[in-house]
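Subject: Structure handover

Hi,

Here is the structure I promised to pass on to you. Please have a look at it first, and then read my notes below.

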There are 2 protein chains.
Amino acid sequence: MNGSMSGDLAAIEATAVTYLTAFNREDVAGILATYADDGILMAPGRQSSVGKAQLEKVYPGVFERIDFNMAYEIKEVVQTCANWAFVRSATTGTETIKATGKVSSSTYEELFLLRKSADGVWNIARYCTTKTS
Amino acid sequence: MNGSMSGDLAAIEATAVTYLTAFNREDVAGILATYADDGILMAPGRQSSVGKAQLEKVYPGVFERIDFNMAYEIKEVVQTCANWAFVRSATTGTETIKATGKVSSSTYEELFLLRKSADGVWNIARYCTTKTS
């Protein structure tokens, strides 16, 4: 990995961390800002959301039902070429069903595939999260 | 994408298809052959499996409990650089709990991150599957 690529690692990790922390505070605008226009979410319990128009709709629906209180751990940050990278992470915490107040422990693992935009910003191109417990 | 890269797309897709079909017939050796030595599985209901030694253990445990009968659809095949690619797919079908015979419908979506080995073989480097219904 050359100097310019390793210089990107902090920015790549920052995009994933921005996503994870925005998700945890139910900040839909903050979440959407991390996605590329053609970004895709693959998550438990629903068909994938493809592109900003679908992503804008899916997150408010999630937060209407569930309050997440998750801590994240970044497992690895890898830049695979000039404009592509991936981040693997794990999240652990509790989720509360807002309608009932029922609280349960949960863990997820996440695979972010990121792409550098023409203006040098690392965005989420594809993102898959799976519920590990 | 240059000629040699587009020439790789069939091989990239073939690795994902080999994985999905081997999984469906409970072919652990066939599954393991698609992974890189440092390959990682992220799947519902368990912590991630990191590297061939862990992967060898996790799949037999899954197939001991559940019989999957899934059809796959490849959604996209993208080569991001000379040695990296991703495949997105969806699977739909039924799973049977072997202990009870209980059958349920299920759907999953999959994100494969593949790397070309030094000997020119496309292997699964990271793989995340999420249960969408």
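What is the mean pLDDT of chain A? This is a predicted model, and the mean pLDDT of chain A comes to 95. In chain A, 95% of the residues reach 70 or more. For the complex, the predictor gives an ipTM of 0.95 and a pTM of 0.95.

Let me begin with how the chains are arranged. Chain A is superposed on chain B by a rotation of 180 degrees, with 0.0 Å of shift along the axis and an RMSD of 0.0 Å. That is the relation of a two-fold axis. Which residue of chain A comes closest to the rotation axis? It is Thr130(A), with its C-alpha at 2.4 Å. As for the interface, 96% of the interface residues of chain A are also interface residues in chain B, so the copies meet through the same surface.

The structure holds one cavity of 30 Å³ or more, and the volume of the largest cavity is about 40 Å³. Which residues line the largest cavity? From chain A they are Thr80(A), Trp84(A), Ala85(A), Phe86(A) and Leu113(A), and from chain B they are Thr80(B), Trp84(B), Ala85(B), Phe86(B) and Leu113(B). Strand β4 (84–97) of chain A and β4 (84–97) of chain B each supply at least two residues of this lining.

Over all chains, the structure holds 26 aromatic pairs. In one of them, the ring centres of Phe112(A) and Tyr127(A) are 4.4 Å apart and the planes are at 15 degrees; with an angle under 30 degrees, the pair is therefore stacked. The two residues belong to distant parts of the chain, 15 residues apart: Phe112(A) is in strand β5 (residues 103–116) of chain A, and Tyr127(A) is in strand β6 (residues 122–131) of chain A. Both Phe112(A) and Tyr127(A) are buried.

Another pair is in chain B. The rings of Tyr19(B) and Tyr35(B) have centres 6.0 Å apart and planes at 90 degrees, so this pair is edge-to-face. Here too, distant parts of the chain are linked: Tyr19(B) sits in helix α1 (residues 3–24) of chain B and Tyr35(B) in strand β1 (residues 35–42) of chain B, 16 residues apart. Are these two buried or exposed? Tyr19(B) has a relative accessible area of 2% and is buried, and Tyr35(B) is buried with a relative accessible area of 2%.

Back in chain A, one aromatic cluster is formed by Tyr19(A), Phe23(A), Tyr35(A), Tyr59(A), Phe63(A), Phe68(A), Tyr108(A), Phe112(A) and Tyr127(A).

Finally, a backbone detail for you to check. Glu26(A) has a positive phi, near 60 degrees, although it is a residue other than glycine. Where is Glu26(A) found? Its place is the loop between α1 (3–24) and α2 (28–34) of chain A, and with a relative accessible area of 27% Glu26(A) is partly exposed. In chain B, Glu26(B) has a positive phi of about 60 degrees and is not a glycine either. Glu26(B) is in the loop between α1 and α2 (28–34) of chain B and counts as partly exposed at 27% relative accessibility.

Best wishes

Terms used
Residues are numbered from 1 along each chain as its sequence is written. Chains are lettered from A and ligands numbered from 1 in the order in which they are written. This is a predicted model: local features need pLDDT of at least 70, side-chain atom pairs count only at pLDDT 80 or more; totals for chains, interfaces and linings use all residues. Side-chain values use heavy atoms; hydrogens and water are left out. pLDDT is the predictor's confidence in each residue, from 0 to 100. Rings of Phe, Tyr and Trp (its six-membered ring) pair if their centres lie within 6.5 Å; planes under 30 degrees apart count as stacked, over 60 as edge-to-face and the rest as tilted. Helices (H or I, at least four residues) and strands (E, at least two) are DSSP runs, numbered from the N terminus. Buried means under 20% relative accessible area, exposed over 50%, partly exposed in between (1.4 Å probe, protein chains only). Copies are superposed by least squares on the C-alpha atoms of residues with pLDDT of at least 70 in both. Contact means heavy atoms within 4.5 Å. On a 1 Å grid over the protein atoms alone, a cavity is a set of points where a 1.4 Å probe fits but cannot get out, and a pocket is an open set with protein on both sides within 12 Å along at least five of seven lines; lining residues have an atom within 4 Å of a point. Grid points are joined across faces, edges and corners, and a volume is the space filled by probe spheres set on the points.
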